[in-house]
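Subject: Handing over the structure

Hello,

Here is the structure I promised to pass on. Please open it first, then read my notes below.

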Amino acid sequence: MKKSDIILNLVGLKCPEPIMILRKKIREIKTNKTILILADDPSTKRDIPYFCTFMEHELIEYFTDIKPYRYLLKKGNFTK
């Protein structure tokens, strides 16, 4: 996995908490910064890619074969 600017550990949290915390954190950072998300809730496999698409952030890479799942995303020009 590539290097990230921020690590967000969401292990142990269940839906909808991971997305709520991610949304709050992404509002606090600057455009083009990267976040590595660690999570173990199976719903994140669906929710994080959808969140990135809907909110226009880039999901750079993700690994969901073993827990904790890892998602690397880059903040886009957040307009919504």
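Start with helix H1, residues 17–28. H1 has twelve residues and reaches 17 Å from its first C-alpha to its last. That is close to the 16 Å expected at 1.5 Å a residue; the expected span is 1.5 Å times one less than the number of residues. Helices (H or I, at least four residues) and strands (E, at least two) are DSSP runs, numbered from the N terminus.

Two notes on the source. This is a predicted model, in which local features need pLDDT of at least 70 and side-chain atom pairs count only at pLDDT 80 or more, while totals for chains, interfaces and linings use all residues. Residues are numbered from 1 along each chain as its sequence is written, and side-chain values use heavy atoms, with hydrogens and water left out.

Which residues of H1 are buried? They are Pro18, Leu22 and Ile26. Seen down the axis of H1, these buried residues fall within an arc of 60°, so they line one face of the helix. The arc is that of the directions from the helix axis to the C-beta atoms. Met20, Lys24 and Arg27 are on the other side of H1, and they are exposed. Buried means under 20% relative accessible area, exposed over 50%, and partly exposed in between (1.4 Å probe, protein chains only).

What covers the buried residues of H1? The cover includes strand S1 (6–9), strand S2 (34–39), helix H2 (44–55) and strand S4 (69–74).

**The core**

Leu22 also belongs to the largest nonpolar core, which has 15 residues. Leu22, Ile35, Ile37, Ile48 and Leu73 have the most contacts inside this core. A nonpolar core is a set of buried Ala, Val, Leu, Ile, Met, Phe, Trp, Tyr and Cys residues joined through side-chain atoms within 4.5 Å. H1, S2, H2 and S4 each supply at least two residues of this core. The largest share, four residues, comes from H2.

Look at leucine 22 itself. Leaving aside neighbours within four places in sequence, leucine 22 is in contact (heavy atoms within 4.5 Å) with Leu8, Ile35, Ile37, Ile48, Phe51 and Leu73.

**Strand S2**

S2 is mostly covered: six of its six residues are buried. Thr34, Leu36 and Leu38 point one way from S2. Ile35, Ile37 and Ala39 point the other way. In a regular strand the side chains alternate between the two faces of the sheet.

S2 pairs with S1 in the parallel sense, over four bridges. Two strands pair if DSSP finds at least two bridges between them. Isoleucine 6 has isoleucine 35 of S2 as its bridge partner.

**Salt bridges**

How many salt bridges are there in the whole structure? A search finds four. A salt bridge is a side-chain nitrogen of Lys or Arg within 4 Å of a carboxyl oxygen of Asp or Glu. Here are three of them.

- Glutamate 28 bridges to lysine 24, with the closest N and O atoms 3.4 Å apart. Both lie in H1, four residues apart, about one turn of the helix. Glutamate 28 is partly exposed at 49% relative accessibility, and lysine 24 is exposed at 56%.
- Glutamate 28 also meets lysine 25 in a salt bridge (3.5 Å, N to O). These two are three residues apart in H1, so about one helical turn separates them. Lysine 25 is partly exposed at 26%.
- Arginine 46 bridges to aspartate 47, with the closest N and O atoms 2.9 Å apart. Arginine 46 is exposed, with a relative accessible area of 54%. Aspartate 47 is buried, at 16%.

Salt bridges that share partners join Lys24, Lys25 and Glu28 into one network.

**Backbone points to check**

Most residues other than glycine have a negative phi, and most peptide bonds are trans.

- The peptide bond from cysteine 15 to proline 16 is cis, with omega near 15°. Proline 16 sits in the loop between S1 and H1.
- The bond from lysine 67 to proline 68 is cis too, with omega near 0°. Proline 68 is in the loop between strand S3 (58–63) and S4.
- Asparagine 32 is not a glycine, yet has a positive phi of about 75°. The loop between H1 and S2 holds asparagine 32.
- Glutamate 56, also not a glycine, has a positive phi of about 65°. Glutamate 56 lies in the loop between H2 and S3 and is partly exposed, at 44% relative accessible area.

Best wishes
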